[in-house]
Amino acid sequence: MSAENQLAQRLRVCYGKDGRLAYLGHLEVMGTIMRSVRRSGLPFEVSNGFAHRMRIQFSQALPVGASSRAEYYDLMLPHEVDAEDALEALRRCTPAALAPVRATLLPRRMPALEAWADRAAWQVVLPCAARDAEGVTQAIDDVRARGVIEFMRGDKPRRLELERTFVAYELRTEGESLAMLLETRSTEQGSLRPAVLVQEICGRPPQRVCRLGQWHEEADGTLTSPM
Amino acid sequence: MRFPREDLFSLIEPYLGEVERPSRYLNHEWGAVEEQDGPFHACVMYPDVYDVGVPNLGLAILYDELNRLEGVSCERAYLPWVDMSARMREQHIPLLSLETASPVASFDLVGITLAHELVCTNLIEALDLAGITLRAEERDEDEPIVIAGGPSVWNCEPVAPLFDAVLLGDGEGAVSQMALAVRDGRAEGLSREGILRRLARIQGVYVPSFYEVKVDETSTRWGYAVPREGTGAPEVVYKHCVDALSATEPVAQRIVPYLPVVQDRLTIEVLRGCARGCRFCQAGMTYRPVRERPAEQVLEAVDRGLATSGYDECCLSSLSTTDHSECATMLRSLHDTLGSKGVRVSIPSQRLDSFGVDMASVARSSRKAGLTFAPEAGSQRLRDVINKNVTDENMDAAARNAFKNGYRRMKLYFMMGLPTETDEDLRGIAAMSERVVGIGREVCGMRSKVSVSISVSVFVPKSHTPFQWAGQLPLEETIRRQRVMLTAASDRALRISYHEAETSLIEGALSKMGRKGFDLILAAWQRGCRFDAWTDQFDFESWKQAAADIGVDLEDVACEWFDLDVRLPWEHTSPGVSKGYLQREWRRAMEGRTTADCTMSSCTGCGVCPTLGTHNDLAGRRS
């Protein structure tokens, strides 16, 4: 690795998405965070293209309406900063429901976050009507056996293979509802959105969706944390 | 009936996943005032969706000023888009404020922006959705006092029945006086009428219910308004005017929205008013005198505004930013300090000469997307009629300079249907545009991708302008003239677009009518019209039927010419520009004589300074 590549000029920040701000779209979250970075006074690199944009990378888009405990962005720095100081500065300048919780410095040259973090865990509260764990289990098994979900995104028909994208699940009770702990994998062909799966098995959207974590899956199947 | 003040967000939350752009309804944006302790509660409302209303600088100024007042809290409200309002109506959820999701009908004071004529049905939609009695005169004692202000107050008669009071002119200072008058009046147990009497004593405040409309041989069919006996209201309400822009807060816009909005940037008002004297321009007449913010204050404001907002673009806003006497100093300084930070600086329009292009180039540095100019008319004769003091040579020099500076796209704005316009003037639009294309090819080469877009709108005669007596072009004639222009424009590098003639006709009719216009608006709203400024929502047929319902013909109203000495429906409200000056300007227009800009020559006698006791306030010498 060259000396330049070893420079710790990539600030990786872990943040949540909570409360009403779960209804922000990915572009809205990106815009809000870029403005938070500018407010914080942290140094950042600017691209040399037509529009001189901030050099920042985000992890995979979270669906509108879903909250999260583990979203990430990488901010490219022109020089090293103290990660704790940076975290504090960002915290002061970010809306509370998107507040950063951890930050660390990483080498400048790394794979893009969006493609690298390819595993996710979700907590999905199923619709009120879906209280029969056995029935839900059977419906999930049926869908997995078919191996594919066909659905509409807007007015476009989509098709998703489940063999690679659906990793595991577990059902548990949450209050009066049934909740699913779901593990998914994103591939070049697409990624499984929890709401799509729940719509398929229950015929209704979930009550709540929360992304619990994101990781990179190594070749041997072990999971590496982004931090 | 006053609604109880309570947080009703939980009522709309279930629908957030079902509607377009749920972030319109979330609140908690950066810079929003979270503490809303009151005890006096005001709500400022923009009668369109959030993403159109948030960038409005006027509303931001009032929100900031009211929230600084001791004991006064101010929230915002916007009109929900049709998907959300349909659900709210189904579930009987009233219109809510953003900050605390309280019913708008629970506030002490509700202030609404009159942005343009085409929000008129939205005003009714907003009040109806809020559960506030539509007509001010029928409101209960404890209902909110509903006031209005903004750029479209200058013939507010068609919407006047909706408002307890209308603020004419600059809001700074006056809105605080209004809020305090309502608060103190309530505390003293004054009746609604008693509070209105207090409001009427504030400079610039017009109380419609204190005036009655008379129609006689001295007036148009829409009549004129005179004070009701015993109200003590003045015959003419003159606008409220801030003498020095430098005395106002330059960073009024503090809220940073989550979703992309129409002007998604920091806006600093560098200049208010314009004295160029374009005879069709209502803003040019009603925002006088000219008041500049000093460069030093602007630069400090940009620095502070960017630091607190995090925006990556800053707009130096005004009616004519390149006329600011310190424009070059400001733009060069900002270019030097902000370029390396990835912050863009923009100016809303370019002066039509080489200096304008130079300034646009400094502002945009490496971004050479395109430039916009507004010659307004295609021939020198007609430009003299409208007092657009630019020549063909100015246009050619600006175009040559722009192409030499690397610009490849240009947009030219024109109007159709201006008084005295002939087919020759229309062919002049095509000729001028083709000449610009030719200059582009000469400078950049025949194979360069030079393109020129022409946008042609229909002239709408507006109150308090020298053209207020003119009639609008009938629809059929508009279409014929569009064909004349299209036939004359043959170069394939030209792209021509027209503003929709039907929406202009509604705008024109509402600009002419007096208080009777309210019946038309109400009938249109009852037929389902709202969001009329949105092409996909505008329903011309319903407007025509609404006009028939009240026994008028839209074209007949909009195209009517008035005699020069007739009493007009809006003469009891005044921006300070005298009727004598407007008549003189009309006559000069008919003679093709131009009038100079008083910030660069001597006084032209518009009457604003002596009437309002003010004067132009420039930061330096203009050239």
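Predicted model: local features only at pLDDT ≥ 70, side-chain atom pairs only at ≥ 80, totals over all residues.
**A guided reading of chains A and B**

In chain B, Tyr46(B) has Tyr78(B), a residue of strand 2, as its bridge partner. Strand 1 and strand 2 of chain B are joined by 7 bridges and pair in the parallel sense. Both strands take their place in an open sheet of 6 strands in chain B, whose order is 2-1-3-4-5-6 and whose pairing is mixed. Strand 2 (72-78) and strand 6 (205-206) of chain B stand at the edges with a single partner strand each, so one side of each has no neighbour in the sheet. In general, the strands of a sheet pair through backbone hydrogen bonds, and they may do so in parallel or antiparallel fashion.

The peptide bond that joins Gly38(B) and Pro39(B) is cis, with an omega of about 10°. Arg21(B) also lies in the loop between helix 1 and strand 1 of chain B. Although Arg21(B) is not a glycine, its phi is positive, at about 45°.

Chain B as a whole is assigned two domains: domain 1 (9-167 + 171-238) and domain 2 (247-510). Their C-alpha centres lie 31 Å apart. Where the two domains of chain B meet, 24 residues of domain 1 are in contact with 26 residues of domain 2. On the domain 1 side of this contact in chain B, helix 2 (50-53) and helix 3 (57-68) each supply at least two residues. Helix 3 of chain B gives the largest share of that side, with 4 residues. Sorted by class, the side of domain 1 of chain B that touches domain 2 of chain B has 14 nonpolar, 3 polar and 7 charged residues.

A second sheet of chain B is an open one made of 3 strands in the order 10-13-14, and its pairing is parallel. Strand 10 (266-269) and strand 14 (344-346) of chain B are its edge strands, each pairing on one side only. On average, neighbouring strands of this sheet are turned by 20° against each other, with direction ignored. Strand 13 (residues 313-317) of chain B runs parallel to strand 14 of chain B, and 3 bridges join the two. Within this pairing, Glu313(B) stands opposite Arg344(B) of strand 14 of chain B. Helix 9 (residues 295-309) of chain B packs on the sheet and touches strand 10 and strand 13 of chain B. The direction of helix 9 makes about 155° with that of strand 10 of chain B.

Another cis peptide bond of chain B joins Arg288(B) and Pro289(B), with an omega of about 0°. Pro289(B) is placed in the loop between helix 8 (282-286) and strand 12 (291-292) of chain B.

Attention now turns to chain A, which has 7 helices and 11 strands. Its radius of gyration is 19 Å, close to the 17 Å that the globule rule gives for 227 residues, so chain A is as compact as a globular protein of that length. Along the principal axes, the C-alpha atoms of chain A fill a box of roughly 55 × 35 × 35 Å. Chain A is also assigned two domains, namely domain 1 (3-114) and domain 2 (119-224). The centres of these domains of chain A, taken over C-alpha atoms, are separated by 27 Å. The contact between them takes 11 residues from domain 1 of chain A and 10 residues from domain 2 of chain A. On the side of domain 1 of chain A that touches domain 2 of chain A, 5 residues are nonpolar, 5 are polar and 1 is charged.

The two chains also meet each other. Their contact takes 19 residues from chain B and 19 residues from chain A. The side of chain B that touches chain A divides into 10 nonpolar, 7 polar and 2 charged residues.

Chain B has a mean pLDDT of 94, and 99% of its residues reach 70 or more. For the model, ipTM is 0.87 and pTM is 0.93.

Methods:
Residues numbered from 1 in each chain as written. Chains lettered and ligands numbered in written order. Domains from an automatic or database assignment. Contact = placed C-beta atoms within 7 Å. Nonpolar A, V, L, I, M, F, W, Y, C, P; charged D, E, K, R; others polar. pLDDT = per-residue confidence, 0-100. Pairing = 2+ DSSP bridges. Axes fitted to C-alpha atoms, helices over the stretch in contact; angles between N-to-C directions. Rg over C-alpha atoms; globule rule 2.2 N^0.38 Å.
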